[in-house]
Amino acid sequence: MTNENPIYGPFFGVMGAASAIIFSSLGAAYGTAKSGTGIAAMSVMRPELIMKCIIPVVMAGIIAIYGLVIAVLIAGGIEDSTTYSLFNVYFRGFVHLGAGLSVGFSGLAAGFAIGIVGDAGVRGTAQQPRLFVGMILILIFAEVLGLYGLIVAIYLYTKS
């Protein structure tokens, strides 16, 4: 540790990696749980639709992968405190934190949206099968919210 390479340098990068995986996984878990309860309720009436209506759970799981990608990228760039020298400790650290937060919070929001739409969608599909296509379209729009966060995070990461 020298004055040019402070020991606290990697803190913001580590927090960016942690927030990327934590928040996106929280969103994915909520989306999986909420959609899963809808599938369980729907399967009582129409058990033949279980595999068809598992799509919201799969889409919720993809949200966690977005956070994992950014967390691995950020963590791969952190070797020791020398990668965050005093001249770029705040810039690089804050960029990594921003990248992690952007994918994490957008993944959290997307997971919430997927969970709510998936729950109501599969229950509605059990009663009216024509709702399936509309549910898929709304799920795609909800998934894209997480993808936007991933794109911003990758762009920010390449700036560090």
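Which residues have the most contacts inside the largest nonpolar core?

**Figure 1. Overview of the predicted model, a protein of 4 helices and 0 strands.** In this predicted model, local features need pLDDT of at least 70 and side-chain atom pairs count only at pLDDT 80 or more, whereas totals for chains, interfaces and linings use all residues. Residues are numbered from 1 along each chain as its sequence is written, and side-chain values use heavy atoms, with hydrogens and water left out. From the N terminus the elements run α-α-α-α; helices (H or I, at least four residues) and strands (E, at least two) are DSSP runs, numbered from the N terminus. The C-alpha trace spans about 65 × 20 × 15 Å along its principal axes. The radius of gyration is 19 Å, while a compact globule of 160 residues would have a value near 15 Å; this quantity is taken over C-alpha atoms, and the globule rule is 2.2 Å times the number of residues to the power 0.38.

**Figure 2. Regions annotated in UniProt.** An unreviewed UniProt entry places the feature "domain: V-ATPase proteolipid subunit C-like" at residues 15–74 and 97–156. UniProt positions follow the numbering used here, feature names are shortened, and annotations may be inferred rather than shown by experiment. Residues 15–74 are 85% helix and 0% strand, with end C-alpha atoms 10 Å apart. Residues 97–156 are 95% helix and 0% strand, and their end C-alpha atoms also lie 10 Å apart. For "transmembrane region", the unreviewed entry lists residues 12–33, 54–78, 98–119 and 131–157. Of these, residues 98–119 are 100% helix, with end C-alpha atoms 31 Å apart.

**Figure 3. The largest nonpolar core, which has 29 residues.** Ile-70, Val-103 and Ile-114 have the most contacts inside this core. Helices α1, α2 (55–76), α3 (89–127) and α4 each supply at least two of its residues, and α2 gives the most, with 8 residues. A nonpolar core is a set of buried Ala, Val, Leu, Ile, Met, Phe, Trp, Tyr and Cys residues joined through side-chain atoms within 4.5 Å. Buried means under 20% relative accessible area, exposed over 50%, and partly exposed in between (1.4 Å probe, protein chains only). Leaving aside neighbours within four places in sequence, Ile-70 is in contact (heavy atoms within 4.5 Å) with Ala-20, Ala-99, Gly-100, Val-103, Leu-150, Ala-153 and Ile-154.

**Figure 4. Ser-35 in helix α1 and Ile-114 in helix α3.** Helix α1 covers residues 11–45. Ser-35 is buried, with a relative accessible area of 0%, and its side chain reaches the backbone oxygen of Gly-31 at 2.9 Å. Beyond four places in sequence, Ser-35 touches Pro-56, Val-57, Ile-114, Gly-115, Gly-118, Asp-119 and Val-122. Ile-114 is likewise buried, with a relative accessible area of 0%. With neighbours within four places left aside, Ile-114 is in contact with Ser-35, Pro-56, Met-59, Ala-60, Ile-63, Leu-139, Ala-142 and Glu-143.

**Figure 5. Helix α4, residues 131–159.** At 1.5 Å a residue, the 29 residues of α4 should span 42 Å, which agrees with the 43 Å between its end C-alpha atoms. The expected span is 1.5 Å times one less than the number of residues. Buried residues in α4 include Leu-139, Ala-142, Glu-143, Leu-150 and Ala-153. Leu-139, Ala-142 and Glu-143 are among the contacts of Ile-114, whereas Leu-150 and Ala-153 are among those of Ile-70.

Technical notes
A polar contact is a pair of N or O atoms within 3.5 Å; within protein, one must be able to donate a hydrogen and the other to accept it, and residues adjacent in sequence count only if both atoms are side-chain atoms.
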